[in-house]
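Hi,

Here is the structure I said I'd pass on. Have a look, and my notes follow below.

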Amino acid sequence: MFESITPRPPDAILGLTAAFLADPNPNKVDLGVGVYKDEQGRTPIMRSIKAAEKKLWESEDTKTYIAQAGPDLYNTHSSRLILGDNHPVLRDQRAMTVLAPGGSGALRLGAEFINRMKSGTRIWVSNPTWANHTGLFKSAGLNPEPHPYYNYAAHVIDFDAMMDTLGKQATVGDLVLLHGCCHNPSGADLNMDQWRAVCALAQKNGFTPYVDLAYQGLGDGVDEDAAGLRHLAENLPELVIASSYSKNFGLYRERVGVLTIVHEQASQVAATKSQVLATAREIYSVPPAHGAALVAMVLDTPELRADWAVELADMRDRINGLRQMLADKLKAAGASRDFSFIPAEKGMFSFLGLTRDQVQRMIKEYSIYLTDNSRINVAGLNSQNVEHLVKAILGVL
Ligand code: LMR
């Protein structure tokens with residue numbers, strides 16, 4: 001059975017971690033996988049999470065399965081965090097919210113569910129998009145199709161081309177994947193006018209947006225980063241949202257995510273929920289409990305929630321400070337290119353705008369690890385390694 005299997009090349013993002021760890025160079029820099037790092041290069045457990053873990057350790061008295069949809073407290077707080085406390089969708093009870101194993105698990109669960117309802121559904125994805133989106137949707141049976149999004153040379157969103165493609169081709173029964181904030185890999189987000197224009201197009205053409213919200217709070221703020229999707233939820237009959245607590249609660253390995261599906265009528269929610277849970281049953285059966293219990297506890301305990309908000313703001317400010325520092329240092333070092341787009345972009349990622357060959361030189365000659373498309377995890381920078389990065393960029397340019 002297994003004798004003819006051939007190996008696959010390493011994953012475009014996760015494969016970099018193994019290569020980084022194997023590199024003996026003491027000056028190596030890991031700008032690959034999108035995890036937050038502090039000035040010391042560590043990915044710490046947040047204080048609020050540590051405190052919640054202590055409380056949970058003391059109070060948890062069983063490891064039996066949790067409800068398939070996840071704890072009510074978790075789902076209630078999650079939908080308020082995503083949509084905002086007084087959103088009309090919540091008031092009218094038009095949203096179905098379930099716990100899913102991470103943002104990827106939520107994306108996959110939503111995709112599998114939709115594929116069961118309408119096999120081979122087309123899903124428009126930005127070019128470029130997260131390296132795993134296309135494979136994830138394809139393996140669920142959906143049919144991903146790229147639309148223009150980012151102009152690599154100019155470092156701007158090619159919004160006219162995006163709207164032209166979607167306007168002509170995205171239609172009733174299609175999904176359009178939108179990055180809620182902190183676009184991965186470009187860091188270039190739609191502004192509010194552009195969200196409104198996409199929303200108007202969805203109303204006109206009848207497609208359904210599928211929002212991937214993996215970095216809420218790491219761009220401009222918790223509410224600011226959800227403003228675009230909240231506008232969609234207010235103005236469209238249907239919407240799908242896959243969200244993640246990996247980054248904004250630092251719960252990467254605990255796999256904590258949420259799938260939210262907004263309906264036109266509250267009466268439709270129960271049927272969808274039963275189908276989604278039947279889908280989940282056949283994939284992973286019941287979701288993991290630990291991370292969701294922590295998120296629910298932090299969001300439900302005023303002191304922990306306040307501390308979490310401070311910690312999240314610190315992470316966001318640090319990333320934004322690093323963006324500015326990198327651009328300033330490149331300019332001061334006499335870079336022949338303008339890197340002022342870096343502080344204008346949001347979240348963990350930006351493209352350096354290098355060719356594949358230049359990226360390979362960054363890795364081989366400077367031991368700086370970044371993805372093939374020259375995406376860097378800005379959070380991997382610190383005051384110790386930034387000069388080395390600047391030298392490397394100037395060197396390969
Ligand atoms: C990334 O893009 O680096 C993160 O979303 C982590 C991952 O799973 O790829």
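The charged end of R375 lies over the ring of F349, 3.7 Å from the ring centre; "over" needs NZ of Lys or CZ of Arg within 6 Å of the ring centre and within 35 degrees of the ring normal. K28 has its charged end over the ring of F20, at 4.6 Å from the centre.

Before you dig in: this is a predicted model, with local features needing pLDDT of at least 70 and side-chain atom pairs pLDDT 80 or more, while totals for chains, interfaces and linings use all residues. Numbering runs from 1 along each chain as its sequence is written, and side-chain values use heavy atoms, without hydrogens and water.

On to the rings. There are ten aromatic pairs (Phe, Tyr or Trp, six-membered ring for Trp, centres within 6.5 Å; planes under 30 degrees apart are stacked, over 60 edge-to-face, the rest tilted). One of them is F137 with Y210, tilted, at 5.9 Å between centres and 55 degrees between planes. F137 is in helix α6 and Y210 in strand β8, 73 residues apart (helices are DSSP runs of H or I, at least four residues; strands are E, at least two; numbered from the N terminus). Both F137 and Y210 are buried (under 20% relative accessible area, 1.4 Å probe, protein chains only).

F249 and W308 are stacked, because their ring centres are 4.5 Å apart and their planes at 15 degrees. F249 is buried at 0% relative accessible area, and W308 is buried at 4%.

Last, helix α12 (290–300) has eight of its eleven residues buried, so the rest of the structure largely encloses it.

Cheers

Definitions and conventions. Buried < 20%, exposed > 50% of the residue type's maximum accessible area, 1.4 Å probe, protein only.
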